[in-house]
Amino acid sequence: MLEIRFHGRGGQGAVTSAELLAVAAINKGMYAQAFPSFGPERRGAPVVAFCRVDDKRILLRAKVYEPDVVVVLDSGLLTIIDPVEGLKKDGILIINTKKSYEEIMNECRFSCRVGTINADQIAREELGRVIVNTTMLGAVVRATGLLGVEDLRGPLMERFGPKLGEKNMKALERAYGELVLKE
């Protein structure tokens, strides 16, 4: 089973990211679940969302405490959360940041595999606004190999409609290609 934890702020689309990934996996014949963990937060407050994907039924109904992948939609959260808490030994941390991979590693010294992507810039250029949820999905797909880019097309078109769906696909494709992921 692949377990993913998304960290974002209210309004950034962490919950939508988890849901879209789950729908794409289900459409490919896998089993998946996605759910948020938040209380009465408002736009801008930290939120966490989870996604599980497996080739067999998922009976577990708890938060993801030991993820395979952690996705940080807002690098400002790195100062208030420990993104690698519980991350499995061979896990992957994917961070939306304008900083280079080297800058992030010098500042944070993560011992896991780290992927960096400037999702803010991609979203601004492709969508006209900085909502990075679908952009970050491109990085997740590339880092995990769980699905192909085209596997997200259907869920994106269904969720956003053809015009906005195509823009989100473009952002996703760019993130897939621009992710910096080192061993």
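**Close-up views of a predicted model**

View 1. The model is predicted: local features need pLDDT of at least 70, side-chain atom pairs count only at pLDDT 80 or more, and totals for chains, interfaces and linings use all residues. Residues are numbered from 1 along each chain as its sequence is written, and side-chain values use heavy atoms, with hydrogens and water left out. Helix α5 spans residues 153-178 and has 26 residues; helices (H or I, at least four residues) and strands (E, at least two) are DSSP runs, numbered from the N terminus. The end C-alpha atoms of α5 are only 19 Å apart, short of the 38 Å that a straight helix would reach at 1.5 Å a residue (the expected span is 1.5 Å times one less than the number of residues).

**View 2. The buried residues of α5.** Buried residues (under 20% relative accessible area, with exposed over 50% and partly exposed in between; 1.4 Å probe, protein chains only) of α5 include P155, L156, G161, G165 and N168. Their cover includes α1 (14-27), β6 (113-117), α3 (119-127) and α4 (133-144).

**View 3. The packing of α3 and α5.** The axes of α3 and α5 come within 9 Å and cross at roughly 150°; axes are lines fitted to C-alpha atoms, for helices over the stretch in contact, and angles run from 0 to 180 degrees between N-to-C directions. In α3, I122, E125, E126 and L127 meet residues of α5 that include K167, A171 and R174.

**View 4. The seven-stranded sheet.** The seven strands form an open sheet with mixed pairing, in the order β2-β3-β1-β4-β5-β6-β7 (two strands pair if DSSP finds at least two bridges between them). Each of the edge strands, β2 (31-37) and β7 (180-181), has a single partner strand, so one side of each is left without a neighbour in the sheet. Helix α1 packs on the sheet and touches β1, β2 and β3, where contact means heavy atoms within 4.5 Å. The direction of α1 makes about 10° with that of β3.

**View 5. Strand β1 and residue E3.** Strand β1 pairs with β3 (residues 46-54) in the antiparallel sense over eight bridges, and L2 stands opposite V53 in β3. E3 lies in β1 (residues 2-9) and counts as buried because its relative accessibility is 10%. Beyond neighbours within four places in sequence, E3 contacts residues including C51, R52, L60 and K88.
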